[in-house]
Amino acid sequence: MNTHLFPTQEIGSLQKPSLEALREWEARVHFLSRLSHIPDEVLLHPDVGTLQNLRAAFAIAYLEAAGLDRVYDGEARRVEMYEYAVRQMTGFQFQGHVRSWDSKYYRKGTVVNRVDLTAPYHLEEFDFVQKHARAAIKLPITGPYTLADWSYDEYYLARQPGWKGRPQRRAAQQEFVVDLARRVLRPTLQRLIEHGCRVIQIDEPAAGTHPDEAPLVVEGFNEATQGLDAEFSMHICYSRYQDLLPALLEAKACRQWAWEFANRDADGHDGYEVLKLLREYSDTRSVGLGVLDVHRDTLETPELVAERVRRAAKYLGDPSKIWVNPDCGLRTRSLDVAYAKLEAMVAGAALARTGFENPRN
Amino acid sequence: MTTSPPIFAGLTSPFPRPERLIAATRDLDRGRTTPELAEKTFVEAETELLALEERLFTNVTAGYFRWNDLFRPIAETWGGFTVGPLTRWLETNTFFRQPILSSTPHRAAGAFAARLPPPLTSRAAVARVLLPGPYTFAKILENRSGDSELQTALTLGRLLGEEVRELHGSGFHVFQFSDPMLVTDPPEPPADESVVQAYRSISNAVPAATTIVWTFGAGAGPALPLLDRLPVSVVGIDLTDTEPETLRPGPERLGLGLGIIDPRTTLAESLDDTVGVVREALRRRPSASVWLGPGAPLDLLPARPAEQKLLRLSDVRHTLLREGVG
């Protein structure tokens, strides 16, 4: 439990460093000392498992050195947030790459059979983080709605009779999301909790893609978390949050909204104004406040971060509800830029505390 | 005896890059290959797709593989524009660079034409030129020009008309304007009249050209009263999003574009179901001509399943030609 106002946290992935970059960063964040001794010859040519451990230990130390209150491993063991998760399941096939933008692509799976879990996942990585982190931990996991939305559906859609129009697609999607939530997410979350995981961020970046499906985002969240005891948050980014409200408020076990704001806080637009809606709906959950634009190298200053935090506190009417974080994962930024941004974020959060009575005390 | 309308078919968007082209563009980004080798892969991909299109369809595109998004060829070549931040493309997990309009736009002669797939130049008579529709274009850009959105739509319509005139002079005849926001976020009066005027600028530029407005992303039923007023040759709607029962008869002059291939799923469309829904649509809205194609952009799929869907699209056309639309 953080006793200071505006505690800081990460949101997700970091760039995966090369061996050379790891060597350079060792001098700055001293992550090797957290691991059992690794012989020099292994460090020169690590196998995949050792490299993943090195990267995970690095990310933990990196985030802690930047001063964050809650950390994880930068998703060092995951290809990315979709494919890694889908590869822990049965029922999917991959058919090739899809363009995300320009010359950036991702692999999108096709569900060809009813989804099922091969084995609960993220356990090994969580155990590693739990063993090596000194700060508090928050585990990110991709949510059922996003997994479904980012997949092609053959199995569930084929079960719908006749022409596959919008009503048939919607019915198939609902079946798909609920299956993912019940058969994949819930047993995985259950095991993570048994391993000691207390704070879990369910990532639903696809939630804003189809605003009229916000009730299905919530249904997936509720099905995944039903009967589980942990501190759940929901991360959504690049969305018009006003279009998702009030439907999202029905996510019963969600205790924090971790949203992106800084990206849209520019050129005269107030990116944080939408927070007023939470106050209007009398929503009492905390907010993971995105204060770093993860798509630009431009560094936010501590003063800008502090101003954003104070502005958000005013809109929410309660500064104790704010956690401070980047808009999203910092994977697209270099480690140098990401670190400088995180340092500015931590300094900005500290700056924002001045002048506030701390209601947490 | 009733006569069947002519049935055309073709791509309505860029085609997904084949895997080897994906590898080449990635390698180019990472400095692992040369621009010359990447260019060779582009040419091979264009040539192969063009051959397939010529075998299957009435119109060809050569894939528009080089375009990064629908707006970039204009945002990078017309005056007044710069290229802005990544922005989500409608309800998809793909992104475009938002054009930023800082002053009244103006075009540079020949600049857009130079962005067309090179093989189209020698197939101009059967090529389909893709362009952004003026309404969607005006809505998605960051407008710092000082002009209103409506004024900007009118200006864009005039400039798009100039592009059509120039390209028609080079032998191109078929121009498709992708304007999904006409159905996802339809204009209310009096803005709708500006949209009509913008399209009038386009059609007046070359009355003999075939102009297609292509919509997708939502049911077209509620927008049909406006779509029917547009002075274009063909109105295209996405049948995978539009309930056939929401269709109504339209002006006799208008052809009907039908999006019958769904790029949101790799599941192959059933031939019988697809032929059936086309017939149902034409029963409710008899049309002077029929233009079949994918509904939403086909580059939401990987290349291989997209190719399979092209074959199905061709099958549907040939079934309708053989057995009639009634």
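Q: In which part of chain A is A:E260 found?
A: This is a predicted model, where local features need pLDDT of at least 70 and side-chain atom pairs count only at pLDDT 80 or more, while totals for chains, interfaces and linings use all residues. Residues are numbered from 1 along each chain as its sequence is written, chains are lettered from A in the order in which they are written, and side-chain values use heavy atoms, with hydrogens and water left out. Strands (E, at least two residues) and helices (H or I, at least four) are DSSP runs, numbered from the N terminus. A:E260 sits in the loop between β9 (254-259) and α11 (275-280).

Q: Is A:E260 buried or exposed?
A: Buried means under 20% relative accessible area, exposed over 50%, and partly exposed in between (1.4 Å probe, protein chains only). A:E260 has 0% relative accessibility, so A:E260 counts as buried.

Q: With which side chain does the side chain of A:E260 make a polar contact at 2.8 Å?
A: A polar contact is a pair of N or O atoms within 3.5 Å; within protein, one must be able to donate a hydrogen and the other to accept it, and residues adjacent in sequence count only if both atoms are side-chain atoms. One such partner of A:E260 is the side chain of A:N263, at 3.4 Å. The partner at 2.8 Å is A:R264.

Q: How many salt bridges are there between chain A and chain B?
A: A salt bridge puts a side-chain nitrogen of Lys or Arg within 4 Å of a carboxyl oxygen of Asp or Glu. B:D241 and A:R169 form one (2.6 Å, N to O). Between the two chains, the count is five.
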